[in-house]
Amino acid sequence: MHMTTKALVLRTVDYKETDKILTLLTQDQGKLTAAARGCRKKRSTIAAGCQLLAWSEMVLYDYQGRWSVKEAATQRLFRGVSADIERLALGCYFAEVCELLAVEGLPSPELLSLTLNSLHALDKMQDKPLSLVKAAFEWKAMALAGYEPLLNGCAVCGAVPPEDSRFHLREGVLHCARCREGAGEGISMPLSPPALSALEHIVHGDPRRLFSFRLEGEPLKQLSDTAEAYLHTQLERGFSTLDYYKSLQPPQES
């Protein structure tokens, strides 16, 4: 069985002397694992298309339940990402989150689109703070995975908008600062009006305009810190790529 599809390379693992094992997010079959035989040879015709974070058109063949790459023609390599260590680390983090959230064999067009758009933002939107791109990806990825935050007022008293709003990481809801006890156990983090407005844009706005907002200073820090904490709380795990990205950040001044 042969299949022609476009695919994003989420992960690569060297195998034997000249092969790789790829984790792909494909348009037609969702997440799948494929062997790229001989792709590490000098004159391999599939080498470029099998790079990490490459967006490629591939011909895959299935033999006894295992996929292999027969052809791979690159559509986009996101060179602006691979040329910058911070952007590359963040792109790898996006890929690691995407790999976790995608389901084997189940098409995930919205998740695929989000990841490609986020890589495009890293590649071409050089004016956007990396923390903004990262936060937008995290919030939207969580919403697509079934963890959409509830933003329609205080979950305790119903105030719209919540007074001195807080976001409850375990429950995924907003609440007023004075309603903290009624929100239940767990950690809540502040979201100022500008941060909350940006969050509403990310979750409910046109996905094609995901990054078309401006935020800076403390509101951006709130949006970013809460996004990362929410993702960790709900998925109950860390990410080695995120740890590496954060190791590249300059130390915070005390």
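This is a predicted model: local features need pLDDT of at least 70, side-chain atom pairs count only at pLDDT 80 or more; totals for chains, interfaces and linings use all residues.
Local features were considered at pLDDT of at least 70 and side-chain atom pairs at pLDDT 80 or more, whereas totals for chains, interfaces and linings use all residues. Residues are numbered from 1 along each chain as its sequence is written, and side-chain values use heavy atoms, with hydrogens and water left out.

Strands are DSSP runs of E with at least two residues, numbered from the N terminus. Two strands are taken to pair if DSSP finds at least two bridges between them. Strand β1 covers residues 2-15 and pairs in the antiparallel sense with strand β4, residues 55-63, over seven bridges. Within this pairing, A7 has S56 of β4 as its bridge partner. Strand β1 also runs antiparallel to strand β2 (residues 19-26), to which eight bridges join it. Here R11 is bridged to T23 in β2. Strands β1 and β2 form a hairpin with three residues between the strands, and K16 in this hairpin takes a positive phi near 55°.

Strand β2 in turn pairs with β3 in the antiparallel sense, over seven bridges. In this pair I21 has A35 of β3 as its bridge partner, and a hairpin of three residues joins β2 to β3. Strand β3 spans residues 30-36 and is mostly covered, with six of its seven residues buried (buried means under 20% relative accessible area, with a 1.4 Å probe and protein chains only).

Strand β3 also pairs with strand β5 (residues 66-76), in the parallel sense and over two bridges. In β5, W67 stands opposite A34.

Note on methods:
Helices (H or I, at least four residues) and strands (E, at least two) are DSSP runs, numbered from the N terminus. Buried means under 20% relative accessible area, exposed over 50%, partly exposed in between (1.4 Å probe, protein chains only).
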